[in-house]
Amino acid sequence: MRAWSSARFTVPLPEGHRFPIAKYQRIRDAVVARGLLAPHEVEEPDRVERWALGLVHGPEYIEAVAEGSLSALAVRRLGFPWSEALLERSLRTVQGTVEAGLDAFASGAGINLAGGTHHAFAAHGEGFCVFNDVAVAVRVLQRQGLVRRAAIVDLDVHQGNGTASIFAGDPDVYTFSIHGAGNFPFRKEPSTLDVELPDGTADQSYCAMLAAHLEQVLDASQPEIVFYLAGADPYLQDRFGRLALSFDGLRIRDRMVFEQCRRRRIPVAVTLAGGYARSLEDVVTIHTATVAELRRAYG
């Protein structure tokens, strides 16, 4: 197994910005320090090619991001100030998820130590998401004739509104989201299946809800690949999550997804999605545990 990391391509953010950009290097360092991956097993993706972005995003939006000509409203909606560094990181992160999808198709499992930018729509970015990496990866694999049917299992605490919008009406891509009912985005787009949870939902109720629906999703979609967004933000100490999962609950959640996919021999590509815990070390611990569970399931 190998992983893809864009940690070297960081983004300068204003002091006090809410996005924990430092987590990516810390995650990369942690998975190597714990022996989950050897240094040579963590690879750096190239930039995604424009034709691949164009399978999902409109040319005007791609050009505006590339040229730094986003409107003030578009920048506010995105939540990041534009910079060359943001463009570079965004292109690398999308390609990391494409590579993780190719790895999954080739060997059963792949992982991008970033990604999960599920709030990006075809024509605009939103919620710290510039381009929709999972949507691009699905379309690239379809364009290459590797898969036709895909399922997206989105367990970030926030609904993947951009992903739901992009694949609306597409019978070959099943979008499944378990998220906080009262959380961002406050105008949600309908996924194929949305499961909304009340504030304070903890381990037992969350895992029971996942168990009740995951088999249904995989039975209904019959996917040739699963893209899994393993958000760290359902954690009880997350600043923006409003749910109450523990470290163990999140680990069990990951194990449930991986065991279902492995039992059914469905390739799984993992992205890490969001995580905003008060302690950055907690975010790193959760994401590193996801890598450990993937290694446990797939070796």
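**View 1. Contacts of S6 in the predicted model.** Not counting residues up to four places away in sequence, S6 touches P45, R89, R92 and T93; contact means heavy atoms within 4.5 Å. The model is predicted: local features need pLDDT of at least 70, side-chain atom pairs count only at pLDDT 80 or more, and totals for chains, interfaces and linings use all residues. Residues are numbered from 1 along each chain as its sequence is written, and side-chain values use heavy atoms, with hydrogens and water left out. S6 sits in the loop between β1 (3-4) and α1. Helices (H or I, at least four residues) and strands (E, at least two) are DSSP runs, numbered from the N terminus. S6 counts as buried because its relative accessibility is 1%. The cut-offs are under 20% relative accessible area for buried, over 50% for exposed and partly exposed in between, with a 1.4 Å probe and protein chains only.

**View 2. The largest nonpolar core.** This core holds 48 residues. L113, F176, Y228 and V268 touch the most other members. Helix α10 (residues 280-298) gives the most to this core, with 7 residues. A nonpolar core is a set of buried Ala, Val, Leu, Ile, Met, Phe, Trp, Tyr and Cys residues joined through side-chain atoms within 4.5 Å.

**View 3. Surroundings of L113.** Neighbours within four places in sequence are left aside here. L113 is in contact with A3, W4, S5, Y24, I27, R28, V31, V42, L272 and V291.

View 4. Helix α6 spans residues 133-143 and is mostly covered. Of its 11 residues, 9 are buried. They are D133, V134, A135, V136, A137, V138, R139, V140 and L141. G145 follows α6 and has a positive phi, near 75°.

**View 5. The largest pocket.** Its volume is about 550 Å³. The pocket is lined by 37 residues, and F19, G127, F128, C129 and Y276 lie nearest its centre. α1 (23-33), α4 (72-78) and α5 (84-107) each supply at least two lining residues. α5 gives the most, with 5 residues. The lining divides into 17 nonpolar, 13 polar and 7 charged residues. Ala, Val, Leu, Ile, Met, Phe, Trp, Tyr, Cys and Pro count as nonpolar, Asp, Glu, Lys and Arg as charged, and the others, Gly among them, as polar. On a 1 Å grid over the protein atoms alone, a pocket is an open set of points where a 1.4 Å probe fits, with protein on both sides within 12 Å along at least five of seven lines; lining residues have an atom within 4 Å of a point. Grid points are joined across faces, edges and corners, and a volume is the space filled by probe spheres set on the points.

**View 6. The second largest pocket.** Its volume is about 160 Å³. Of the 17 lining residues, D170, P171, V173, Y174 and T192 are the closest to its centre. β5 (173-180) and α8 (203-221) give two or more residues to the lining. The largest share, 3 residues, comes from β5. The lining residues divide into 9 nonpolar, 5 polar and 3 charged.

**View 7. L197 in strand β6.** The strand covers residues 193-197. L197 is buried, with a relative accessible area of 2%. Leaving aside neighbours within four places in sequence, L197 is in contact with I178, H179, G180, A181, Y206, M209 and L243. L197 and R242 are 45 residues apart along the chain, and their C-alpha atoms are separated by 9.9 Å.
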